[in-house]
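Reader: I would like to learn how to read a few features of a model. Where shall we begin?

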Amino acid sequence: MTNFDYDLFVIGAGSGGVRAARIAATHGARVGIAEEFRYGGTCVIRGCVPKKLFVYASKFTEEFANADGYGWSLNGTPTFDFDKLVENKDKEITRLEGIYRRNLDKSGVELHDSRAVIEGPNTVRLLSTDQVITAERILVAVGATPNVDAGLVGCEHTITSNEAFHLSEFPKRTVVVGGGYIAVEFAGIFNGMGSETTLLYRGEEILRGFDMDLRTGLHEQMVEKGITVKTKSTIASIEKHEGGLTVTTHAGEVIEADQVLYAIGRRPNTAGLGLEDAGVELDKAGAIVVTPQSQSSVPSIFAVGDVTNRANLTPVAIREGHAFADSTYGGNEWHVDHSMIPTAVFSQPEIGTAGLTQEEAEARFDNIDIYSSSFRPMKNTLSGKPGKMFLKMLVDADTNKILGIHIMGPDSGELIQIIGVTLSMGATKADYDRTIAVHPTAAEELVTMREPSERIRKN
């Protein structure tokens, strides 16, 4: 077949799929895209964006508490209208979706509001109209979906992050299950909004895969903020009754709640897409196996984003989509380097991390210098509120190259973006040492730490 309907057909209009479609179209490709829900994908519709808006809302209680120390007196008790927050959030999401649609249309991409399934190496069927479409290449960018504990007694009484943004009533008591970034973020959100919050995690410590100092430090500060954190704890059953939900753990502990939110990871959203019938190789998790150029086992089918389970972050999906389109249609071949990915966790306090954790650094390098600093943020000095700013830098003692930087405290997400640039450029400790500090800031500690707090030597 040589006469295709499109040069490229994209399944999924999330961040990665939209970027690939737009860039390919600007390079002159004939592009179609199908989306069964709303344009913008998980990040815009039910992920990063609404979550960050909820984080902002949840932080006002702390701002109110700090106000008195700075001379402000609040007249009366502040009240929180959850329904108004949801309404305003929905308006913003609708606005953003419209932008995604318009940008695709302006780029010359044809939009199809339908679920699409693959019926062959070059064939896609739109289920809403039963239309069959052909394309020289197909790009799968359908993302991931929350895991649920289907075997749990009372599983039907739980929600995931998808439903958390559309609750009809704000819960007075919330149990969050999980220890990853989504779990700790929602625990902070519900706690900050005034819900009595418990976090249950089956592992030894929250935030598996992050630097251990961040993991333990966040745990401690979450407890300081009033969140009950229970590790090595799992739910045996959930029972619904007139007064709410009764959660029973495998240890026999009983917790009363109004909502139980499961945030136990996400799985590639590949079920029912026809991938196996088309010959596309999937791994044990259901992710599409791809080359560094995002090509699947079927030469004409590609995939980007969470559906490949490489690095499940929106900015990574965007870069993968851009790289695919540039390489395939723009004559500019490149692929994404997944070895240096700065990232933030919008927990409370916030976390930013780039490069290797201490555990990873010790496994790969013989001699490491560790610089760390912990102090009360300046904003908390007058209010007397608890909380610590933490900064940690890992340096290869043999080359002076910075291996990783990990920070926890206000604006860590903003800081780590610029820090990530420096690490991607191969910055050394000497580069930071000769940089003039910006005072008074928390970040100045990164350029003023002179003596290692710890030296690790293997030879």
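Author: With a buried residue. Leucine 199 has a relative accessibility of 0%, so it counts as buried. Keep in mind that this is a predicted model.

Reader: Where is leucine 199 placed?

Author: Leucine 199 sits in strand β9, residues 196-201.

Reader: Which residues does leucine 199 touch?

Author: Set aside residues up to four places away in sequence. Leucine 199 then touches Val176, Gly178, Ala183, Val184, Ala187, Ile206, Met222, Ile227, Thr228, Val229 and Lys230. Take glycine 178 as a case of sequence against space. Glycine 178 and leucine 199 are 21 residues apart in sequence, and their C-alpha atoms are 7.2 Å apart.

Reader: Now a charged residue. Is glutamate 185 buried or exposed?

Author: Buried means under 20% relative accessible area. Glutamate 185 has 1% relative accessibility, so it is buried. Its place is helix α7, residues 181-192.

Reader: What is glutamate 185 in contact with, beyond its neighbours within four places in sequence?

Author: Glutamate 185 is in contact with Lys51, Val345, Phe346 and Ser347, those neighbours left aside.

Reader: On to the rings. How many aromatic pairs does a search of the whole structure find?

Author: The search finds 12 aromatic pairs. To read one, check the distance between centres, then the angle between planes. Planes over 60 degrees apart count as edge-to-face. Phenylalanine 54 and phenylalanine 82 have ring centres 6.1 Å apart and planes at 70°, so this pair is edge-to-face.

Reader: Which parts of the chain does that pair link?

Author: Phenylalanine 54 belongs to helix α3 (residues 48-58) and phenylalanine 82 to helix α5 (residues 82-106). The two are 28 residues apart, and the pair links distant parts of the chain. Phenylalanine 54 has a relative accessible area of 2%, so it is buried. Phenylalanine 82 is buried too, at 5% relative accessibility.

Reader: How are the rings of phenylalanine 54 and phenylalanine 165 arranged?

Author: Their centres are 5.3 Å apart and their planes are at 70°, so this pair is edge-to-face. Phenylalanine 165 lies in the loop between α6 (161-164) and β8 (173-177), and phenylalanine 54 in helix α3, so the pair ties together parts 111 residues apart in sequence. Both phenylalanine 54 and phenylalanine 165 are buried.

Reader: Which residues form the aromatic cluster?

Author: One cluster is made up of Phe54, Phe80, Phe82, Phe165, Phe170, Phe186 and Phe190.

Reader: Last, the surface. Which residues form a nonpolar patch there?

Author: Phe60, Phe64 and Leu74 form one, and together they have about 280 Å² of accessible area. Leucine 74 is in the loop between α4 (60-67) and α5. Leucine 74 has 40% relative accessibility, so it counts as partly exposed.

Terms used:
Residues are numbered from 1 along each chain as its sequence is written. This is a predicted model: local features need pLDDT of at least 70, side-chain atom pairs count only at pLDDT 80 or more; totals for chains, interfaces and linings use all residues. Side-chain values use heavy atoms; hydrogens and water are left out. Rings of Phe, Tyr and Trp (its six-membered ring) pair if their centres lie within 6.5 Å; planes under 30 degrees apart count as stacked, over 60 as edge-to-face and the rest as tilted. Helices (H or I, at least four residues) and strands (E, at least two) are DSSP runs, numbered from the N terminus. Buried means under 20% relative accessible area, exposed over 50%, partly exposed in between (1.4 Å probe, protein chains only). Contact means heavy atoms within 4.5 Å. Patches are made of residues with over 30% relative accessible area and no salt bridge: like charges are joined within 9 Å, nonpolar side chains (Val, Leu, Ile, Met, Phe, Trp, Tyr) within 5 Å. Accessible areas come from the Shrake-Rupley method with a 1.4 Å probe; for residues, only the protein chains shown count as cover. A salt bridge is a side-chain nitrogen of Lys or Arg within 4 Å of a carboxyl oxygen of Asp or Glu.
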